[in-house]
Each structure stands twice: as structure tokens, then as C-alpha cells.
Amino acid sequence: MIRVDNLSFTYPGAPSPTVKGLSFEVSEGEIFGFLGPSGAGKSTTQNILIGLLDRWQGEIEVMGRSLRDWRRDYYRHIGVSFELPNHYLKLTARENLEYFRALYDGDTDAPEKVMALVGLSEHLDKPVSAYSKGMKNRLTLARSLLNRPSLWFLDEPTSGLDPVNAVHVRDLVKARQAQGVTTIITTHDMLIADALCDRVGFIVDGELVEVGAPDDLKRRYGRREVEISWGGDHAPRRERFPLDGLSEQPEFLRILREETVTSLHSQETTLEDVFVQVTGRSLR
Ligand code: ADP
Ligand code: MG
């Protein structure tokens, strides 16, 4: 669906590039995430891919055509949800959607249809000023689906959302995937990256440091460990041992034999652990 080769970009007047030699591919129907801390260059990359920024270097091919050759018809195929929603607050959701719908020259869905997709059907005729933050966020997503995009760009779709609304977003993206939609997400939320993305790319200081499926990355980089606790209330002790070679670990065996073990469990590696290990940087 997308092939990017050695993409670099410098903002006019900036002393150094913001995007540095990115190369990656996204398959049709895939959910691909850019995971990285604030300022890493995620939004810049998205804005290049949706044609908002030009004078980038490298090659970008979308749906088999170089991005340089796409014209206005590109916007018939893509849906874009920006990080900061800009709705007309005095208008109802329906009026907002009708307004944006009129900007498209291709086929579009009715407000009823996209609002049903995001679970806001009963709020269609309320002014957006009466919407909660989570509802505005879902309205943003509804708007980005008006033109039935086959390629969907979501910039920080769960930013500032409570867990319930974040799950809404997750389910919605999965449901679009079931309809064949390809989605590119930028996020600094490792839970969303882990739960939603088929593959994630770690991006730090404009560089793509690693790309892979969350589970593969955890397997590859995760330290598989067990944590054992013993000693009871008065002298509690706790130690971690590598899972590999555990049966030949004398201290572990000694604890098992001689101490009163109070708990024993394996430690799950999180995507955030892997991110820190691979990039040397925190997501916050
Ligand atoms: P992210 O989305 O990963 O938080 P951005 O792509 O928004 O990161 O920003 C990456 C870097 O580019 C930051 O250092 C930011 O200050 C800079 N930047 C973003 N937008 C502009 C702009 N319009 N002009 C100049 N620099 C910008
Ligand atoms: Mg951003």
C-alpha cells in the first residue's frame, strides 16, 4: 500500500532535518503504528504522507503511484484524522459532517452512516459545543471516514482519552481493518500500539530505529525472567532470574529447596520496556 525509501525532510529555515532517512513499507489491510516520544517526527511524517508538506527527499509510493504524481484525487482515497480536532462548535455534528462532505468530489457516506460507525448516532443533531472530549474525538474519526477511505491516517487518536474511549477507538480501527482498510497511526501510547498495531516502528529524533510486530519485538528484546519472593513478612526477599537456564541456576534452586517461597511468577515484557531498551529513550 505504501513504500517509503530513504525519506528525509527539513522544515524551511530549520538547522537540521526533522525526518532522517526513513524506509518502511505498509501492506494493504495492515494497521501500522509509529511509536515515539513527543517531537520524534511522527506528525511530520504523517503530514508528508498525506501530501501536506513538500520538498521532502527520497521516494514515496502510495497505491502503486509515486506521491509526487498524485494530484487532488489522492484525497478521495485517504482519510485523515488530525491530532487537534477543529469542529465548528456552534453547528451540530450533522451540519459539521455535511459541510466537510461537500468538499469531496467523489462518493461519500451520509452523516448517519459515519456517526453509527463511531457510536454517536443519537447525538447527531446536538451542537458540538455540547460534546465531551471523547465524543469530539469520535466525531473527528467519523469525519475522516466520510469519503470511505481505503487508507486511513490517525494522528494520536487516543491522546487525552480515558481508557473506555480509547477502547472505542481501538474497536473502530479493528472494524475498519475487517473491511479492508489500511491504517497508519502515530502514537506515544504504547498500550494502543501494542493492542492495535500489526507492526510498529520505533521513531526517535526523526529516525526509524526498529520495526516489527509487537509480539516479535517483545520476544526478540524482552528479558524473560521469573521473580521469586521468599522469607515471609519479617524478612521479605525478592529476586529475579533469567527464565533461560533456570534449572541450572544454583541460587534459584537453593531458594526453592531451602526457603519458604511466597510467590513465583514470570515477568511480562511490555512494548515500552522494549522501546527503552532499543532506543535508549523513554516514551514520555
Ligand atoms: P511528533 O509528532 O513525533 O511529536 P512532530 O513531527 O510534531 O513530532 O515534530 C518533530 C519536530 O519538528 C519537533 O522538533 C518540532 O518542533 C518540529 N516541527 C514541527 N512542526 C514544525 C514546523 N511547522 N516548523 C518547524 N519545525 C517544526
Ligand atoms: Mg505529533
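Colleague: Hi! I'm new to this one. Which domains does the chain have?

Modeller: Welcome! The domain assignment of the chain gives domain 1, covering 2-218, and domain 2, covering 223-267. Please keep in mind that the model is predicted.

Colleague: And how far apart are the C-alpha centres of domain 1 and domain 2?

Modeller: Those centres lie 45 Å apart.

Colleague: Let's talk about charges. How many salt bridges does the structure hold?

Modeller: There are 24 salt bridges in the structure. In one of them, the side chains of lysine 42 and glutamate 156 meet, at 3.9 Å from N to O. That pair links distant parts of the chain, 114 residues apart. Lysine 42 sits in helix H1 (residues 42-49), while glutamate 156 is in the loop between strand E7 (151-155) and helix H6 (163-178).

Colleague: Are lysine 42 and glutamate 156 buried or exposed?

Modeller: Lysine 42 is buried, and glutamate 156 is buried too.

Colleague: Why would side chains like that pair up at all?

Modeller: Side chains of opposite charge can pair when their charged atoms come close.

Colleague: Got it. What does arginine 148 form a salt bridge with?

Modeller: Its partner is aspartate 109, and the closest N and O atoms of the two are 2.7 Å apart. Arginine 148 lies in the loop between helix H5 (133-144) and E7, and aspartate 109 lies in the loop between helix H3 (93-101) and helix H4 (111-117), so the pair ties together parts that are 39 residues apart in sequence.

Colleague: And does arginine 148 count as buried, partly exposed or exposed?

Modeller: Arginine 148 counts as partly exposed, because its relative accessibility is 46%. Aspartate 109 has 8% relative accessibility, so this residue counts as buried.

Colleague: Nice. Changing topic: at what angle do H5 and H6 cross?

Modeller: Their axes cross at roughly 15° and come within 10 Å. That angle is under 35 degrees, so H5 counts as roughly parallel to H6.

Colleague: Is the crossing of H5 and H6 left-handed or right-handed?

Modeller: The crossing of H5 and H6 is right-handed.

Colleague: Which residues in H5 and H6 meet?

Modeller: From H5 there are Gly134, Asn137, Arg138 and Leu141, and these meet Asn165, His168, Val169 and Leu172 in H6.

Colleague: What about H3 and H5, at what angle do they pack?

Modeller: H3 and H5 pack at about 30°, and their axes are 10 Å apart. This makes H3 roughly parallel to H5. Ala93, Leu97 and Phe100 of H3 make the contact with Leu139, Ala142 and Arg143 of H5. The crossing of H3 and H5 is right-handed.

Colleague: On to the backbone. What is phi for asparagine 6?

Modeller: Asparagine 6 has a positive phi of about 55°, although this residue is not a glycine. Asparagine 6 lies in strand E1 (residues 2-9) and counts as partly exposed at 47% relative accessibility.

Colleague: And what is phi of arginine 55 near?

Modeller: Phi of arginine 55 is near 60°, which is a positive value in a residue other than glycine. You'll find arginine 55 in the loop between H1 and strand E4 (57-62). Arginine 55 counts as exposed, because its relative accessibility is 72%.

Colleague: Last one! Where is serine 150, and what does serine 150 touch?

Modeller: Serine 150 is in the loop between H5 and E7. Not counting residues up to four places away in sequence, serine 150 touches Met1, Met63, His77, Gly180, Val181 and Thr182. With 28% relative accessibility, serine 150 counts as partly exposed.

Colleague: How far is serine 150 from histidine 87?

Modeller: Their C-alpha atoms are separated by 23 Å, and the two residues are 63 residues apart along the chain.

Colleague: Thanks, that helps!

Key
Residues numbered from 1 in each chain as written. Chains lettered and ligands numbered in written order. Predicted model: local features only at pLDDT ≥ 70, side-chain atom pairs only at ≥ 80, totals over all residues. Heavy atoms only, no water. Domains from an automatic or database assignment. Salt bridge = Lys/Arg side-chain N within 4 Å of Asp/Glu carboxyl O. Helix = DSSP H or I, 4+ residues; strand = E, 2+ residues; numbered from the N terminus. Buried < 20%, exposed > 50% of the residue type's maximum accessible area, 1.4 Å probe, protein only. Axes fitted to C-alpha atoms, helices over the stretch in contact; angles between N-to-C directions. Parallel < 35°, antiparallel > 145°, perpendicular 65-115°, else oblique. Left-handed = near helix turned anticlockwise from the far one by under 90°. Contact = heavy atoms within 4.5 Å.
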